[in-house]
Amino acid sequence: MRAILIVSHGSRSPKTKEEIKVLVQILGCRLPNDIIEFAFLEIEHPSIPEGLDQCVSKGATEIVVALNFLNAGRHVNEDIPAIVSAAQAKYPQIKISITQPIGQHPQIPDLFIDLINNA
C-alpha cells in the first residue's frame, strides 16, 4: 500500500497547518487508495519521523515523501534526505522516495501565469 507524506517547513501560524490539512483532504479524495498524511520539518507537529511512523502504522509498504517546498535548499538537499535515510534504516522493508520540490514541476510557470492574471 502506498502512502503519501506531504512535508512542509512548519510555521507558528495556525493558518498554515489548516491549509495543509485541507490539501491532504483534497488529495485523499483524489487518491482514495493511498494513505495521505502530513508532517513538518520544524516548529509544528507531527514531525517528519512521526509522519513516517504514522504511514507505517497504517500499513504502508511504500512511502512517497512529497516536498511542499518551492525550491531546493539546505532543507530539501540535506535535512529532509537525512531524516528519510534514518527512516529507511528503521524500516528497511519499506520503499521510501522523495519528490522534487514543487517549484521544479513543469506546470509551475502556468500556475504563476494563472495567479498573475487573476491578481
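Because the model is predicted, local features need pLDDT of at least 70 and side-chain atom pairs count only at pLDDT 80 or more, whereas totals for chains, interfaces and linings use all residues. Residues are numbered from 1 along each chain as its sequence is written, and side-chain values use heavy atoms, with hydrogens and water left out.

Helices (H or I, at least four residues) and strands (E, at least two) are DSSP runs numbered from the N terminus, and two strands pair if DSSP finds at least two bridges between them. Strand β1 runs parallel to β3, to which six bridges join it; here I6 has A66 as its bridge partner, and A3 stands opposite I63. Six bridges also join β1 to β2, again in parallel, with I4 partnered by I36. Burial is judged by relative accessible area with a 1.4 Å probe and protein chains only: under 20% is buried, over 50% is exposed, and values in between are partly exposed. Six of the seven residues of β1 are buried, so this strand is largely enclosed by the rest of the structure. Strand β3 is mostly covered too, with five of its six residues buried.

The next topic is the nonpolar cores, each a set of buried Ala, Val, Leu, Ile, Met, Phe, Trp, Tyr and Cys residues joined through side-chain atoms within 4.5 Å. The largest core has 22 residues, of which L5, V7, I48, I63, V65 and I80 touch the most other members. Two or more residues are given to this core by each of β1 (2-8), β2 (35-40), α2 (48-57), β3 and α3 (74-90). Apart from this core lies another, of nine residues, including I20, V24, I36 and V64. Leaving aside neighbours within four places in sequence, I80 is in contact (heavy atoms within 4.5 Å) with V7, L41, I48, V65, L67, F69 and H75.

The loop between β2 and α2 holds both I43 and P46. Most residues other than glycine have a negative phi, and most peptide bonds are trans. Against that background, I43 has a positive phi, near 75°, and the peptide bond from H45 to P46 is cis, with omega near 5°. I43 is partly exposed, at a relative accessible area of 44%.

Finally, there is the largest pocket. On a 1 Å grid over the protein atoms alone, a pocket is an open set of points where a 1.4 Å probe fits, with protein on both sides within 12 Å along at least five of seven lines; lining residues have an atom within 4 Å of a point. The volume, the space filled by probe spheres set on the points, is about 380 Å³. Of the 14 lining residues, I6, A66, L67, I102 and H105 lie nearest the centre of the pocket. Helix α1 (14-30) and strand β3 (62-67) each supply at least two lining residues, and α1 gives the largest share, four residues. By class, the lining has eight nonpolar, five polar and one charged residues, where Ala, Val, Leu, Ile, Met, Phe, Trp, Tyr, Cys and Pro count as nonpolar, Asp, Glu, Lys and Arg as charged, and the others, Gly among them, as polar.
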